[in-house]
Amino acid sequence: STRSEVRVAPDDGGWGGGWLLDYAPGAAEEDKVFTLPAKVSLARTDDNGALVFRAGGGLEGGSATFTICHDTAKASGRTLTVSFLGKVSSAIKGDCP
């Protein structure tokens, strides 16, 4: 725990372009950008904004849902849900392109 707010925000152009892990000023950790591999798509389905993990615990806004798909028929897509407490659950998504 960093005991400070941590933001996970879509990179330029939305979640499909990757995301930025943004720590509060003065945190020991450094901000980091994550990019998606080729042929992988990511979308936030309940909103398009950032996830904010509060310093005192909990996810601002309550929860978040994402879909992740691969452009090949060999890979199943997933629906990822992040709970208020940060627990991630995964379910198979059957309608990926």
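**Figure 1. Phe-34 is partly exposed, at 30% relative accessibility.** Trp-19 counts as partly exposed as well, with a value of 24%. Buried here means under 20% relative accessible area, exposed means over 50%, and partly exposed lies in between (1.4 Å probe, protein chains only). The model is predicted, so local features need pLDDT of at least 70 and side-chain atom pairs count only at pLDDT 80 or more, while totals for chains, interfaces and linings use all residues. Residues are numbered from 1 along each chain as its sequence is written, and side-chain values use heavy atoms, with hydrogens and water left out.

**Figure 2. Two aromatic pairs turn up in a search of the whole structure.** One of them joins Trp-15 and Phe-66 edge-to-face, with 5.0 Å centre to centre and 75 degrees between the planes. Because Trp-15 sits in the loop between β1 and β2 and Phe-66 in strand β6 (residues 64-70), this pair ties together parts that are 51 residues apart in sequence. Trp-15 is buried, having a relative accessible area of 3%. Phe-66 is also buried, at 8% relative accessibility.

**Figure 3. The rings of Trp-19 and Phe-34 are stacked, because their centres are 5.6 Å apart and their planes lie at 15 degrees.** This pair links distant parts of the chain, with Trp-19 in strand β2 and Phe-34 in strand β3 (residues 32-34), 15 residues apart. Rings of Phe, Tyr and Trp (its six-membered ring) pair if their centres lie within 6.5 Å; planes under 30 degrees apart count as stacked, over 60 as edge-to-face and the rest as tilted. Strands (E, at least two residues) and helices (H or I, at least four) are DSSP runs numbered from the N terminus.

**Figure 4. Asp-22 and Arg-7 form a salt bridge through their side chains, at 3.7 Å from N to O.** Asp-22 belongs to strand β2 (residues 19-23) and Arg-7 to strand β1 (residues 6-10), so the contact ties together parts that are 15 residues apart in sequence. Arg-7 is partly exposed, with a relative accessible area of 34%. A salt bridge is a side-chain nitrogen of Lys or Arg within 4 Å of a carboxyl oxygen of Asp or Glu.

**Figure 5. A salt bridge joins the side chains of Arg-44 and Asp-46, at 2.9 Å from N to O.** Arg-44 is buried, at 12% relative accessibility, whereas Asp-46 is partly exposed, with a relative accessible area of 39%. The search of the whole structure finds two salt bridges.
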